Amino acid sequence: MKIVCLDAKTLGNYDLSIFNDFGEFKSYEITKKDEVIERLKEADVAMVNKIIINKEVIDNTNLKLILETATGVNNIDVTYANSKGIKVKNVEAYSTKSVVQHTFALLFAFLNQIIYYDKWCKEQKWVQSPIFTDFSKILHSLENKKYGIIGLGTIGKEVAKIANSFGANVCYYSTSGLNHNSDYISLNLDELLNTCDIISIHAPLNDKTYNLIDYEKMKLLKDGAILINVGRGGIINEQDLAKIMDEKGIRVGLDVLEKEPMMQDHPLLKIKNIQNLILTPHIAWASEEAIDNLMKKVYQNLKEWIENGK
C-alpha cells in the first residue's frame, strides 16, 4: 500500500513516520496544484489538509481512501469520491481546547492591554516612571460583561462555560437555528450585535454564514465592543470590517480570513486604527497537543479502514 501526504508543512513538525506502519509512505511539505495528480499517480491513500481533491484528480488517480487531516472537507469532492467507491475520512473535535484557549488569548490581550503595556515596558517607560504602575490605558474585567457567542456548537459551548466562570453574562445566536440551550439566553443576530460587549464567532462557513456580518450588521456594534473570529474566514465581510474599524472604536481579533494566506493588499492592513486589530495566521487549532490528537485520530482512521473498510 502506498500512502502519500501532500501538505505536511500544514501539520507543524509532527513525526509522520508512524504511517510507515501501513506500507510505503511518502510525504511532501507543499504540493502545487499542477503537481497533485502526478504525486498521487501510484497512491492508494491520499492524506491532505487544504489540497483540492476534485473530479479531475479522482479521475486521474486510483485512490481508495482520502484522509482529511482536519474537520472540514470542503476541499474534497466527497460526493464524487464516494460515487467512485473512495472513502473520505475526516477528524472531529481534536482542537476544541486549543481554539477555546486562543479565543481567550485574543480577548484578554484586549481587556488587559497586553500588547500596549509590553511595548511600553520594553521602551523603558516603566524605567522612567515616577510611580510603580501606569494608567495610560484602561484595563477591563470580563465580569458582568455581556458576552455573545455566534455558533453554540462544541467550541461555542466551551467558550460559554469559561466566560460564565469569569462572571460574564452569556447569550448566543444559533446560525443554523437548530441549537437550543436553556443555560444561556438566545438572541437574534441584530440584538446580539447591538447589546454585547464581546462577541466571538465559532460557526462553520456555509450558505447561512457567508458574509453574515456585513457593514450594516457591524454598524450595530457598540463603541468599544470586541469582535473575535476563530470560526471561518468569510463569515465577516473583511472589506466592510476595514471600513467600520476606521469609523467606530471597535476592537477585532481575527485568526481566520476568507483567503489564506493573507493577501498583500488586504484592506485590514491599511486601516487607521491598526492598534485595535490583532491578527494571527489561522493557528488557534494548532497547539502541539491538538496536532498530536489530530494525527493520532488520522492514524486510527487509516487503521480502521485497513482492518474493516470503515
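**Sheet, cores and single residues**

Modeller: This is a predicted model. Seven strands make up an open sheet, in the order β8-β7-β6-β9-β10-β11-β12, and the pairing is parallel.

Biologist: What makes β8 and β12 edge strands?

Modeller: Each of them pairs on one side only. β8 covers 185–186 and β12 covers 277–279.

Biologist: How do you know that β11 and β12 pair?

Modeller: Two strands pair if there are at least two bridges between them. Strand β11, residues 251–254, and β12 have three bridges, so they count as paired, in the parallel sense. Gly253 stands opposite Ile278 in β12.

Biologist: Which strands does helix α6 lie across?

Modeller: Helix α6, residues 154–165, lies across β6 (146–150), β7 (169–173) and β9 (198–201). The helix runs at about 175° to β6.

Biologist: Now single residues. Why is Leu40 called buried?

Modeller: Leu40 has a relative accessible area of 0%. Buried means under 20%, so Leu40 is buried. Leu40 sits in helix α1, residues 36–40.

Biologist: Which residues does Leu40 contact, leaving aside its neighbours within four places in sequence?

Modeller: They are Val4, Leu6, Ala46, Ile53, Val57, Thr61 and Leu63. As for Ile306, its C-alpha atom and that of Leu40 are separated by 19 Å. Those two residues are 266 residues apart along the chain.

Biologist: Why is Glu191 called partly exposed?

Modeller: Its relative accessible area is 37%. Glu191 belongs to helix α7, residues 189–195.

Biologist: Next, the cores. Which residues touch the most other members of the largest nonpolar core?

Modeller: That core has 48 residues. Phe19, Met47, Leu107, Tyr147, Met295 and Leu302 touch the most other members. Helix α4, residues 96–111, gives the most to this core, with eight residues. A second, separate core has 30 residues, including Ala203, Ile213, Leu227 and Leu254.

Biologist: What does Leu302 touch, not counting residues up to four places away in sequence?

Modeller: Leu302 touches Ile3, Phe19, Phe22, Val45, Leu65 and Leu67.

Biologist: Why might one look for such cores at all?

Modeller: In soluble globular proteins, nonpolar side chains tend to be buried together.

Notes:
Residues numbered from 1 in each chain as written. Predicted model: local features only at pLDDT ≥ 70, side-chain atom pairs only at ≥ 80, totals over all residues. Heavy atoms only, no water. Helix = DSSP H or I, 4+ residues; strand = E, 2+ residues; numbered from the N terminus. Buried < 20%, exposed > 50% of the residue type's maximum accessible area, 1.4 Å probe, protein only. Contact = heavy atoms within 4.5 Å. Core = buried A, V, L, I, M, F, W, Y, C linked by side-chain atoms within 4.5 Å. Axes fitted to C-alpha atoms, helices over the stretch in contact; angles between N-to-C directions.
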